[in-house]
Amino acid sequence: MDREWLRTILRTGTAILFFLLLPAFAFADGPQPVPSIFAPASTPASDIYSLSLFVLAITGGIFVVVGGLLAYVIVRYRDKGDDSDKREPAQIYGSTQIELAWTVIPILIVVVLFLTTARMIFAIQDAPKPPDALDVTVVGHQFWWEFRYPKLGIVTANELHVPLSTNKDPLPTYLKLYSADVDHSFWVPQLAGKTDLIPNHPNITWIEPKSTGLYLGQCAQFCGVEHAEMLLRVYVDTPEQFAAWVKNQQQPAVEDPQVAAGRQVFETESCMNCHTIRGTAATGRFGPDLTHLMSRSTIASGAVPNSEANLRQWIKDPDSFKPGCLMPAMQLTNQQLDEVTAYLETLK
Amino acid sequence: MADRTFPIEGTLDLTPAHVHEHTWLEVLHEWVTTVDHKKLGIMYVLYGFFFLLVGGAEALAIRVQLAEPNNHFLSPEVYNRFFTMHGTTMVFLVGMTIIFGFANYLVPLMIGARDMAFPRLNAFSFWMTAFGGLMLYYSFLGGSGLYGVGNAPDVGWFAYAPLTARAFSPGNATDYWALALIVTGVGTVGTAINVIATALSMRCKGMTLMRMPLFVWLSVVTSGLTLVTITPLTAAQIMLVIDRYLGGHFFDTQAGGSAVIWMHFFWIFGHPEVYVLVLPAFAIANEIIPVFSRKAIFGYPAMVAASVGIAFVSLGVWAHHMFTIGMTSVSNAFFVLSTMLVGIPTGIKIFNWVATMWGGKIRFATPMLFLTAFVFQFLLAGLTGIMLAVAPWDWQLHNSYFVIAHFHYVLVGAILFAIFGGLYYWFPKATGRMLNETLGKWNFWLFFIGFHVTFDTMHFVGMLGMPRSIYTYEADRGWGHLNLIVSIGAFIQGISVLIFTTNLLWSAFRGKVAGNDPWDAWTLEWAAASPPPVYNFPTEPSVSSRRPLWDLKHPEDPDWKYE
């Protein structure tokens, strides 16, 4: 007897927890360290959030009714172990009316759910693009993100900057998604659902963030060894911050004669085969553009903070941070390492 | 009208095989060369169970790695191999083999036949599947090829192109994966043909299609679905091998191939595959729930129609795995609708099980405990399935731990629970001995608790933004504590499976003697001796209703009056 009660309690407990925990996630406002889908801060994500509450209510209702019936049956019709009555229970083979009822009701629920869902699909996917929307081209690489702003002439990596969109001054960002190698997926849960980056299959997604700050996400389609460390950082800036950032990114790389030795290492060792630093001989495109490396707060696609020590260690032995990543250890001497690190540290 | 007594007496030698003295070599020879559907069925189940332990061990290693952020228990390479092998093993070497083991063992017995329609094809199919599994695992030794890179496959069980191209997956590991699935696929197709032929042409006197036990009906539907779905998978694997070895460009995006076409091929196999696995779980439920509720199944014709309906609809839903790949809005809406339609026949099934229990006298022996939990968990799995069918929400939930939780609710919460229930239920038939009930209760309750600790929690991890297939995660994401809980639950399940293994070994030799009909059940397999002799029935049984043994036990109120 008590075992059955235990199960009933467990089930009820699970159901209650489910509904208690969900709203708790939603109270958070603005960017969160935990990238919860229940703390939306941008238009597609917030639309999806409200749709999800509707679906949760319906499925929750179904769960309570059917789960309740099951619990009732388990408690009410269990064999009491009463040996006095050896007879089998009445045999019932079916009932057309009842079966018809529990076919028709689910059909009605499906109709409601489908119409609501279809409306949302068209609203998000076929939303007309405003002429002043910001365009960004996202290229997925094993295991980092390339961001190009074609109208602004900016190329950067791993940390996307987009302007804030307000109700008064709506400014969505449209992302064109490409892949240079294998499938990836762009996912920043607080901003929008994910969209895949597939080679030979360009995709588009859009965001319209409503509060400033740093939003975290990561690649959501398995893409190889370091899929887990293909992290995404999206900075939503005020219009002033964004203008300042754009202005800085549009400058060519800083030229500091004090670190000429480091620049020479960069241009004579193999670094330049994969990386671009605008204004130098380095025009490689296999790795991230380093023209304004110091404007980014992380390296290795978000794997570690962008500090001098980390940068030196990364150049010396990339596998120590990101085992299996495609950047080779360049076997530089300690002096070359110091010089090239010092050079990169000037690329504000 | 059945007028004879059970077990059916006759001239067959009914002495159990183990009474005769055999050397171990003779026993081995007998099992290796056998074409008896019962021996093959047992071998299928044992083979699947062995790989359940292997795949389970891989899962535990994965859970240790994820128990805390930035853990270094497994290297990224080994982690990726383990989750690929875990998925491939559990679907192809555990799920498929155990369900076909059940079908092999039970279908001839339930329809009063002496063996499958094609006994030698049956043996061939088993050994093909078995060699396919060995080939997959041989990759741990032989997969590195000449390059010395990688060994076991590490591309995910879905193996999305172009990650499987030679440019991104050098060495031979991916080839072992593709070839192993082609080989097991041949075996699977062989068995599927066999099951259909057996059910259609080997039924005993009086067993019309609408008197077949639901288990047999669902085995036929499963087999039909298998025939349709294994084909595109095999085609895709062959194309992949052509790409890798003969310079084809089907999926080679750098030469204009299509990554998306692989997804279509894979999921038009992959989604019906879910139903190939879950329909046999329904089949087990359809046998066990009535017997332990002491009532006939509620709405037999509706159950048949719902199963056939699920099979048909399931062939039109595959692209709900692809809502994030950038299909047009109309395609997305279409697959939302088709996916939600599956909920209708599935709902009918759940309602009919509850209605079967309604008004019954439910005996909660271990098989029924597992099947009751099955109904509950399958209900929840269906509801999270509806959430995932809502395409915009799927854009958030897809490839997150929410999806992992959802499909483990189906694969473990529904299928594995039903398989455990089925093993407790039919073990006495196959061995003549009962599985121990005390260990069974421990097995059930630990597994039930462990399952919910693990997979309930996993839903929340996914909604907090954790994607699947990642070998580690950052400490500041707030996923650490929940992941620790998930891992603890996994170990509780591991302990429970060890208890089951102990029970299996102990009861096979020391268990209580079962007799022919320990559960007071109604279908024909309980009319044969336990274990049934070679060729099952000395004379052909004859039935006049869906529950021949009910008719025999209740001559005052037989089923055939009402059907």
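Modeller: Two strands pair if DSSP finds at least two bridges between them. Helices (H or I, at least four residues) and strands (E, at least two) are DSSP runs, numbered from the N terminus. The model is predicted: local features need pLDDT of at least 70, side-chain atom pairs count only at pLDDT 80 or more, and totals for chains, interfaces and linings use all residues. Residues are numbered from 1 along each chain as its sequence is written, and chains are lettered from A and ligands numbered from 1 in the order in which they are written.

Biologist: How many bridges join strand β1 to strand β2 of chain A?

Modeller: Strand β1 covers residues 134–141 and strand β2 covers residues 144–149, and the two run antiparallel. Within this pair, A:Val138 has A:Phe147 as its bridge partner. The number of bridges joining β1 to β2 of chain A is five.

Biologist: Which residue takes a positive phi in the hairpin of β2(A) and β3(A)?

Modeller: β2(A) and β3(A) pair in the antiparallel sense over four bridges, and A:Glu146 stands opposite A:Ala157 in β3(A). The hairpin has four residues between the strands. The residue with a positive phi, near 70°, is A:Gly153.

Biologist: Which are the edge strands of the open sheet in chain A?

Modeller: Five strands form this sheet, with mixed pairing, in the order β3-β2-β1-β5-β8. An edge strand pairs on one side only. The edge strands are β3 (154–157) and β8 (203–207) of chain A.

Biologist: Which helix supplies the largest share of the side of chain B that touches chain A?

Modeller: Taking contact as C-beta atoms, placed from the backbone, within 7 Å, 77 residues of chain B are in contact with 75 residues of chain A. Among the elements of chain B that each supply at least two residues to this side are α3 (76–110) and α13 (437–463). The largest share, 15 residues, comes from α9(B).

How values were computed. Contact = placed C-beta atoms within 7 Å.
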